[in-house]
Amino acid sequence: MYIKIDHKTITLLLKKKVIALERFVYADNSATTAVSQSVMEAMLPYYREHYGNPSSLYSVGRDAKKAVETAREDIARCFNAEPGEIFFTSGGSESDNWAIKGAAHELAKKGKKHIISSRFEHHAVLHSLDALKKEGFEITLLEVHSDGIVRPEELEAAIRDDTALVTIMYANNEIGTIQPIPELAAVCKKHKVLFHTDAVQAVGNVPIDVKAQGIDLMSFTGHKIHGPKGCGALYIRRGVRLQNLIDGGAQERSRRAGTENTAGIVGLAAAVKEATKDIPGRVARLTKLRDKLIAGASKIDRSHLNGHPTKRMAGNFNMCFEGIEGESLLLSLDLKGVCGSSGSACTSGSLDPSHVLLSLGMPHEIAHGSLRLTLSDENTEEDVDYILEVLPPIVERLRSMSPLWERIQKENRPPFQFQDR
């Protein structure tokens, strides 16, 4: 049993000025980000001036086509890819679906119907694999261990003669752990297996060179890096064959049908260029803020950092607090003007604990008390100070009303400890 306040009540209290926000801190940048001013300015002309269909032959259409191809070249340059290897999509989920289902169906013709992934992938990957399983494909999900890292030697042990594809995310969207992508890709290359990575969260957080890192397929999107929603891309290494996911017109060299989202594509390119411009500088600044946040929150009794302490995205904070429920924590923070999450934004409506935290070996009741805060370039040290000011009393108040916390205290339970498997 938990004490909850619903969103409607919060909204009503705010409107009637019964409560007032002391400060607004947006700390859910792994869910989505605000479009940057420069990205917005790059996009605007393609809504009113250069609005033509890129497939049209007249000048307005040619202008749009030129913008799409320039964006393709700019993005390719950021990842050391070739422009012809970049295909625009509606976002990360579509890119994941296309990479996984397209590769699986193509390679099934050669009798390869085994796919390897990990237990803590984004649901765009896991649900794609579930769909393929119903078609007769065999799926192996690797353990990620208590630190949230996939082991290359375990991947190699799982590869079989009929393995078609390995798909491992570059950086986890909930706990932020960064995988050893070059090592995993090298294992796949050794065994002549295609390697796909969902890099939706990684772009702008780690340098990506698709050639040097041995990546065959890579998904990414705009709205995680201050770009527009509804526009992403899939990198497909030259020579890799995928079955189409969307059929129709001849757009994207007849591989992905649908009139191009010119403004979105221009915005995506601008966002990718911004995000990859000074990764070391951004990482250094955000790591300092993240570590201060982790150090401060760790002073709360029975708090647990989830994922590797250093091999994680610079702006990622993910902790569990025993004896409370994540939804109540989020709503209480919302009352203080702090935006966070309790897991993936794509499953925020679910009452189940995070599959990512369960994959680390965390019990259900503790996984329910998770908090993810993700920082961006727009966050400041003052934001972190404010979070650390309001978080401890919220946890204390929620625990004072929690039958679970009362039971933990009464039974004198030892604090939870991760046990690696």
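Colleague: At roughly what angle do the axes of helix α5 and α6 cross?

Modeller: In this predicted model, helix α5 spans residues 92–108, and its axis comes within 9 Å of that of α6. The contact involves residues of α5, including Ile100 and Ala104, and residues of α6, including Val125 and Leu129. The axes cross at roughly 30°.

Colleague: Is α5 roughly parallel or roughly antiparallel to α6, and what is the handedness of the crossing?

Modeller: Angles under 35 degrees count as roughly parallel. The crossing angle is roughly 30°, so α5 is roughly parallel to α6. The crossing of these helices, α5 and α6, is right-handed.

Colleague: Which strands does helix α6 lie across?

Modeller: Helix α6 covers residues 123–134 and runs at about 155° to β3. The strands that α6 lies across are β3, β4, β5 and β6.

Colleague: Which strands are the edge strands of the open sheet?

Modeller: The sheet has 7 strands with mixed pairing, in the order β2-β8-β7-β6-β5-β3-β4. An edge strand here pairs on one side only, and this applies to 86–89 and 138–142. The edge strands are therefore β2 and β4.

Colleague: Which residue in β8 stands opposite Leu217?

Modeller: Strand β7 (residues 217–221) and strand β8 (residues 232–236) run antiparallel and are joined by 5 bridges. Opposite Leu217 stands Ile236.

Colleague: How many disulfides does a search of the whole structure find?

Modeller: For Cys78, the nearest cysteine sulfur is that of Cys231, 14 Å away, whereas a disulfide requires sulfur atoms within 2.5 Å. Cys78 is thus in no disulfide, and at 22% relative accessibility it counts as partly exposed. For the whole structure, the number of disulfides found is 0.

How values were computed: Residues are numbered from 1 along each chain as its sequence is written. This is a predicted model: local features need pLDDT of at least 70, side-chain atom pairs count only at pLDDT 80 or more; totals for chains, interfaces and linings use all residues. Side-chain values use heavy atoms; hydrogens and water are left out. Two strands pair if DSSP finds at least two bridges between them. Helices (H or I, at least four residues) and strands (E, at least two) are DSSP runs, numbered from the N terminus. Contact means heavy atoms within 4.5 Å. Axes are lines fitted to C-alpha atoms, for helices over the stretch in contact, and angles run from 0 to 180 degrees between N-to-C directions. Buried means under 20% relative accessible area, exposed over 50%, partly exposed in between (1.4 Å probe, protein chains only). Angles under 35 degrees count as roughly parallel, over 145 as roughly antiparallel, 65 to 115 as roughly perpendicular and the rest as oblique. A crossing is left-handed if the near helix is turned anticlockwise from the far one by less than a right angle, and right-handed if clockwise.
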